[in-house]
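I opened this entry to record what I looked up, one topic at a time.

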Amino acid sequence: MESRHSLDHILLLVLCGLSSLCQCSATGVEANQTAVLFVNASEASAKKIPDTLFGIFFEEINHAGAGGLWAELVSNRGFEAGGPNIPSNIDPWSVIGDESSVIVSTDRSSCFERNKIAVQVQVLCDHTGANICPDGGVGIYNPGFWGMNIEQGKSYKLVLYVRSQEPINVSVALTGSNGSQKLAGGNIVAADVSNWKKVEILLEAKGTDPNSRLELRSSTKGVIWLDQVSLMPMDTYKGHGFRKDLFGMVKDLKPAFIRFPGGCFVEGDWLRNAFRWKETIGQWEERPGHWGDVWNYWTDDGLGHFEFLQLAEDLDALPVWVFNNGVSHHDQVDTSSILPFVQIQVTEVIKVLKSTYHKLVNKVTLAVDIVQHTLASEILDGLEFARGDPTSTWGSIRAKMGHPEPFNLKYVAIGNEDCGKTKYRGNYLKFYSAIKAKYPDIKIISNCDGSSSPLDHPADLYDFHIYSSASSVFANARHFDSAPRSGPKAFVSEYAVTGNDAGKGSLLAALGEAGFLIGVEKNSEAIEMASYAPLFVNENDRRWNPDAIVFTSLEMYGTPSYWMQHFFKESNGATLLSSSLQANPSNSLIASAITWRNSADNNDYLRIKVVNFGTTTVTLKISISGLGQNSLGTSFGAIKTTLTSSNVMDENSFREPNKVSPIKAILEKVSDSMDVVLAPRSLNSFDLLRKSISSSVDTASILKSSY
């Protein structure tokens, strides 16, 4: 078997080299282009792909979390979006009634110390007398994030805090977008709410409207204060607060890891707006929230440090925590004098500074030491929160939040895209030393690229980002061919085709990325992880194009780049086979081969992936050696999957969500030497049954299943 394939190999090369009639090119305008792919399936040439190779990157961008994956329906639930000063911006809350019947304002009377703003509703009308309230009363309403998706038969939990000097009778309703159709309702009746009172109401929807709103009304004259108004669906994933449909789309990718919470969201345009993990844990009512000044919207931080760790666990993915290292887009903290950062980032240090003020006046060195220690402790506290024993200081807080067992946090990234900043390396080393001293098993990721030249500082992994045109991203498939095989591995944490080639998510973009990922797969000795960016976009708030998953309050669809990632979800922990592609020129074809175990039928498959980036149909001869006798199935169980379309710039949409999506077909005439046809501008995979362990293979089920 081996000798026959070697002879075929030599003869094909000779023919391609000597005959001008034998075209091995995948480019040009000629029809019937041909190429040859040699695959060595023997164990001697095989290499294990890291279990962690392909995962996801979540950033709070495009309202991915607030108004997206995080199922909270109320936008600006604490009335804090305008900041701590009054009057505060209460958008998107709006007033029901006119100035003769109601006055709405804000003050700093909340019972929550870290978010003092509350809303005051002064009802001027009454149910009797000269100034009678309009039908239904007056008050405020919240439209959520471009409409609340309320569905008939489903239940929603309303939680709010209320205070008044008089007895109250407040009606609660979920209505259609104009307030005319009532979908669910209830009443808050209380004789004594002179002190803040927490109220919970379960609302069951009697109708459906994806553009609903929450209304709070009263027809009784008086002043009512409201704060921390939350409305959550009762059917979130495992009750953990994640929107089920969006979670399911991510789960279907089988991600090995999830990088969070950013991205630029971690840095902030300014350090005062950087993500601060300690302010995102504990009871949701007590989280102050913050303004994300990079993507310019407010988040209540309901999706916080704990929830990100929970999300990773629910996805059966390793968490990769990215934290701020004292560097933002516009300011940074000197390694030897990081007091400004700490005052913003670490609230506990204020207590330290106050208690040691008399020492600090004369001992600047002591101040620096205290600040640096506290900064390092901030991150060590975050690791203890995730990994600590439930009796530890921060582990006990995690336990109180419902998760006594430690989370499986093994990776941290010190900063995001900060390598070029002057203070990065000095700050990085402070963090690196502190983390390794207490958690030597933690893998630390540097922002500096080590693919072309060695790093000048210690790291377990180095970060690599690529955003470019389709042809450039495709060409970068070979970027890691000469990357070091020893030392720090690469973490390609952000890759995507952008610009004119991408649109809002084109087939062309997906093909460029697929070619790049095949290069990542073939260089997995030097690469430990890779993830697309960004993951989500709310169609109503596009801050970045393109994205993998597009959604509204009701609908969702995957872009071609989302479906492209499905071709690689079986690669984690699979076996990479040696393969070589003979095409002349070869710059429009790229291929790889793996063997993987299908958990659905417990059988082993050989998967060949090929991107035809060219504009011409290609006939590809696949020659497989090293299989052993009778180890390759026939067409029974063999599947071809293709991602292509009639126009390379085709995109999916809510009207045509599957216009560009994988199409499966039974692969005919399977053998260790066979011809397959590659459509122009296409991503293709061929799954061949290699070794049957179960008694049968259900080909029909495989064809129906999501790729």
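Helices and strands here are DSSP runs, numbered from the N terminus, a helix having at least four residues and a strand at least two. I note that the model is predicted.

**Cis peptide bonds**

I began with the loop between β3 (54–57) and β4 (94–96), where Pro87 is found. The peptide bond leading from Ile86 into Pro87 is cis, with omega near 0°. I then went to Pro92, which is found in the loop between β3 and β4 as well. Asp91 and Pro92 are joined by a cis peptide bond, with omega about 5°. For background I wrote down that most peptide bonds are trans and that most residues other than glycine have a negative phi.

**Positive phi**

I looked up Asn602 next; its phi is positive, about 60°, although Asn602 is not a glycine. Asn602 is found in the loop between β29 (589–598) and β30 (603–612). With a relative accessible area of 37%, Asn602 is partly exposed.

Arg681 is not a glycine either, and has a positive phi of about 50°. I located Arg681 in the loop between β34 (673–678) and β35 (682–691). Its relative accessibility is 23%, so Arg681 counts as partly exposed. I also checked what Arg681 faces: it lies over the face of Phe613, at 5.1 Å from the ring centre.

**Charge over a ring**

I noted Arg259 under this heading too. Its charged end sits over the ring of Phe57, 4.4 Å from the ring's centre.

**Disulfides and other cysteines**

How many disulfides does the count come to? I recorded two disulfides.

One is formed by Cys125 and Cys133, with the sulfur atoms 2.0 Å apart. The torsion about this S-S bond is about 95°, so the disulfide of Cys125 and Cys133 is right-handed. Cys125 is buried, with a relative accessible area of 0%. Cys133 is buried as well, at 9%.

Cys419 and Cys448 form another, with 2.1 Å between their sulfur atoms. The link of Cys419 and Cys448 is right-handed, with 100° about the S-S bond. I traced where the two ends lie, and the pair links distant parts of the chain, 29 residues apart. Cys419 is in the loop between β19 (411–414) and α10 (424–438), and Cys448 is in the loop between β20 (443–446) and β21 (461–468). Cys419 has 18% relative accessibility and counts as buried; the cut-off for buried is under 20%. Cys448 is buried, with a relative accessible area of 3%.

I looked up two further cysteines. Cys111 is partly exposed, its relative accessible area being 36%, whereas Cys264 counts as buried at 15% relative accessibility.

**Aromatic rings**

I took the pair count next, and it comes to 30 aromatic pairs. I picked out Phe242 and Phe247: their ring centres are 6.3 Å apart and their planes are at 15°, so the pair is stacked. Planes under 30 degrees apart count as stacked. Phe242 and Phe247 are both buried.

Which residues form one aromatic cluster? I listed Trp277, Phe306, Trp321, Phe323, Phe385, Trp394, Phe407 and Phe431.

**Helix α9**

Just after α9 I found Gly402 with a positive phi of about 105°.

**Nonpolar cores**

I finished with the cores. The largest nonpolar core has 110 residues, and Phe516 and Phe536 have the most contacts inside it. Helix α12 (residues 507–522) gives the most to this core, with ten residues. I listed what Phe536 touches, leaving aside its neighbours within four places in sequence. Its contacts include Phe58, Ile61, Ala64, Leu69, Leu246, Val250, Ile549 and Phe551. Asn62 and Asp547 are also in contact with Phe536. Another core, of 39 residues, lies apart from the largest one, and Val119, Leu158, Leu160 and Val193 are among its residues.

Key
Residues numbered from 1 in each chain as written. Predicted model: local features only at pLDDT ≥ 70, side-chain atom pairs only at ≥ 80, totals over all residues. Heavy atoms only, no water. Phe/Tyr/Trp six-rings, centres within 6.5 Å; stacked < 30°, edge-to-face > 60°. Buried < 20%, exposed > 50% of the residue type's maximum accessible area, 1.4 Å probe, protein only. Lys NZ or Arg CZ within 6 Å of the ring centre and 35° of its normal. Disulfide = S-S within 2.5 Å. Core = buried A, V, L, I, M, F, W, Y, C linked by side-chain atoms within 4.5 Å. Contact = heavy atoms within 4.5 Å.
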